[in-house]
Structure formats: C-alpha cells, structure tokens
Amino acid sequence: KLGAAYAWTEWLSLNGVYGEAFRAPSLLESYAQGQHFLGNEFRPNPSLRPEKARNRELGFTLHANDLLGAEDRWRLKFNAYDNRVRDYIETVVVVETEGPFPPATQCAPPAPAVGCVNRRDDGSADPNVPVLIFVGGYTTSENLTQARIRGLELESSYGLGDADFNLAYARTRGINALTGAPLLSIPANRLSASLGYRLSDSLKVGLRALRAFNQNDVPLLEDGTPAIARTPGYTLTSAFLNWQPRQFVQGMALTLGADNLGNALYRDHLSNSNEAGRSLRAALAYQF
C-alpha cells in the first residue's frame with residue numbers, strides 16, 4: 001500500500017492511496033459442508049484460487065476550531081474507493097425446485113419431506129400459501145473472473161465543551177464486472193450517530209443509533225427470484241457509561257452498556273438467524 005497526504009490549507013487536507021492485496025481462500029470457503037437452509041446443502045470447493053485486488057482511494061479532511069462558538073471542534077472526513085478484484089471468491093446459491101405438488105404427495109402434511117416449503121413469489125417461505133414446493137440445490141464458493149467493489153465513507157464530528165456528536169455514513173456497491181450482476185456479500189448502507197457527554201474527568205455517558213437500510217441488491221436465479229432472501233432494514237439504539245476512577249485506581253476502566261434498547265427483531269445480511277434482542281453488558285479493564 002502506498003499513500004500520500006497534502007495539507008492544502010490550514011483547514012483542508014487531501015489524501016490518496018493505492019494498494020494491492022492477495023487473499024487465499026479460507027477453510028470455510030473451501031471445505032464448507034452441512035445444511036445451508038432447508039433442502040439446500042453446502043458443497044466444498046478445494047480448487048478455489050486466491051483473490052488478487054487493486055484498490056484506489058481518494059479523500060479529503062476538513063477541520064476547524066471556534067467554528068460556531070468559542071472552543072468548539074469540527075471535523076469532516078470523506079473517502080471514496082474503487083477496488084478491482086481478480087478471482088473474487090463469491091458464495092453461489094443454486095436452488096433446484098420441483099412442484100407445485102397436489103395434496104396427495106410427499107409434500108403433503110402432516111409429515112412433509114425435508115425441503116418441502118410454502119413459497120412467496122420472491123422465494124421466501126410463507127405458511128399462508130397452500131401450494132407446496134420441494135426446494136433443493138446446493139451452496140458453494142466459486143471464483144469470479146473479475147469483480148468491482150466501489151463505495152464511499154463520510155464521517156463528521158462536532159464537539160463543544162464536554163459534549164461531542166458524531167455522524168457517519170457508509171455505502172458499498174459490488175458487481176460481477178463481466179455480467180453486471182450484484183455480488184452476494186455486499187453489506188447494506190449504514191447511517192450511524194452518537195452523542196456523548198462528559199459528566200466529570202472520570203465519567204462519560206452517551207447514546208448511539210444505527211440505521212441499516214434494506215439490502216435488496218442481491219443476485220437473481222434464472223427464473224428471476226432472489227438467490228437469497230432480501231435483508232430488511234432495521235434501526236438499533238444503545239446507551240453506554242464509561243467510568244475511569246483515576247483518583248482511586250490508575251489504569252482501570254468500567255464500561256456499562258445497554259444494546260438494542262427498542263428490542264428490535266432483525267438479522268444481519270447473509271445471516272439465517274435473528275440477532276440478539278435487548279441486552280445488557282459490562283466490561284472491566286485494567287492496564288498496568
């Protein structure tokens with residue numbers, strides 16, 4: 001990786017990075033086995049080739065003090081990147097369906113065969129649809145000849161006295177450069193915000209919010225249905241407290257947090273399971 005930064009003025013700096021990377025396939029990508037979802041099994045591929053990437057990145061940083069009031073602090077950072085990858089390792093889902101079946105078949109209740117599901121038009125399961133379809137197929141990893149991943153990151157922070165506010169946005173798009181089809185593993189666009197306030201030299205409290213947008217840009221099967229279920233968007237909120245009692249013990253820090261305050265039901269992109277609901281956490285650290 002080779003990068004350069006140039007301070008254009010006292011409040012503006014420019015930066016650029018060029019990098020090349022090599023990534024060997026992981027054990028999971030090469031030798032995954034077992035059930036992916038109902039009727040669909042993982043198929044290993046030990047012949048995967050390593051990825052080789054070239055990345056270009058351009059950005060700028062703006063910063064200023066005493067912008068809106070005495071002793072305030074403001075910073076804005078922007079980066080855009082373009083990553084070209086040869087032999088990109090992609091997860092490929094192949095769905096093979098049979099049906100629909102009339103009632104008196106292997107897919108009829110009360111004991112349907114493994115892989116018999118009700119389906120919506122978008123390919124997701126729906127118990128309210130009476131027509132049963134047997135869904136099989138496999139999931140494996142394959143090398144794409146050429147992939148392109150582009151994105152941008154925008155981050156802004158503002159501080160005034162003991163309060164600070166941060167806002168960040170990230171957007172990523174990835175395609176098979178030969179076919180134009182979207183890549184499976186690209187994360188959803190995200191917008192996050194945090195507000196912190198220092199009550200004393202040793203105590204800080206804050207709130208965080210995260211908005212993950214819908215991820216509908218997924219590969220399609222030959223019949224036009226999504227290869228995997230699209231991921232709906234979600235919003236998470238959390239609160240934290242950080243205490244560093246320097247007057248009692250140097251190097252100790254206690255952090256308390258409450259995550260997913262709204263107890264939202266959500267799952268991350270590519271996950272088959274929902275994430276945790278409302279939860280509490282505590283961490284005690286000591287450095288010496």
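These are my notebook entries on a predicted model of a single chain.

**Entry 1: the chain as a whole.** I began with the secondary structure and found one helix and 14 strands in the chain. I then looked up burial, and of the 288 residues, 30% count as buried. The accessible surface comes to about 17,900 Å², and 57% of that area belongs to carbon and sulfur atoms. For contacts between residues at least 6 apart in sequence, I noted that 61% join residues at least 24 apart.

**Entry 2: the nonpolar cores.** I asked which residues make up the largest nonpolar core. The list has nine residues in all, namely A53, Y81, V85, Y88, L144, A147, I149, L183 and I186. Two strands, β6 (72-101) and β8 (132-160), each supply at least two residues of this core. Apart from it lies another core, made of five residues, and I wrote down V93, L184, V218 and I228 as being among them.

I went back to I149, a member of the largest core, and listed its contacts while leaving out residues up to four places away in sequence. On that count I149 touches Y81, D82, N83 and Y88, then T172, R173 and G174, and finally L183 and I186.

**Entry 3: a nonpolar patch on the surface.** Turning to the outside, I found that F165, L167, L191, L195 and F213 form a nonpolar surface patch, and that together these residues have about 400 Å² of accessible area. Both β9 (163-176) and β10 (190-198) supply at least two residues of the patch each.

**Entry 4: T231 in its loop.** Is T231 buried or exposed? I first placed T231 in the loop between β11 (203-212) and β12 (234-243). Its relative accessible area is 4%, and T231 is therefore buried, the cut-off for that class being under 20%.

I next looked for the partners of T231, leaving aside neighbours within four places in sequence, and found contacts with N214 and Q215 as well as with R267, D268, H269 and L270. With one of these residues, H269, the contact is also polar and runs from side chain to side chain, at 2.8 Å.

Definitions and conventions: Residues are numbered from 1 along each chain as its sequence is written. This is a predicted model: local features need pLDDT of at least 70, side-chain atom pairs count only at pLDDT 80 or more; totals for chains, interfaces and linings use all residues. Side-chain values use heavy atoms; hydrogens and water are left out. Patches are made of residues with over 30% relative accessible area and no salt bridge: like charges are joined within 9 Å, nonpolar side chains (Val, Leu, Ile, Met, Phe, Trp, Tyr) within 5 Å. Accessible areas come from the Shrake-Rupley method with a 1.4 Å probe; for residues, only the protein chains shown count as cover. A salt bridge is a side-chain nitrogen of Lys or Arg within 4 Å of a carboxyl oxygen of Asp or Glu. Helices (H or I, at least four residues) and strands (E, at least two) are DSSP runs, numbered from the N terminus. Buried means under 20% relative accessible area, exposed over 50%, partly exposed in between (1.4 Å probe, protein chains only). A polar contact is a pair of N or O atoms within 3.5 Å; within protein, one must be able to donate a hydrogen and the other to accept it, and residues adjacent in sequence count only if both atoms are side-chain atoms. Contact means heavy atoms within 4.5 Å. A nonpolar core is a set of buried Ala, Val, Leu, Ile, Met, Phe, Trp, Tyr and Cys residues joined through side-chain atoms within 4.5 Å.
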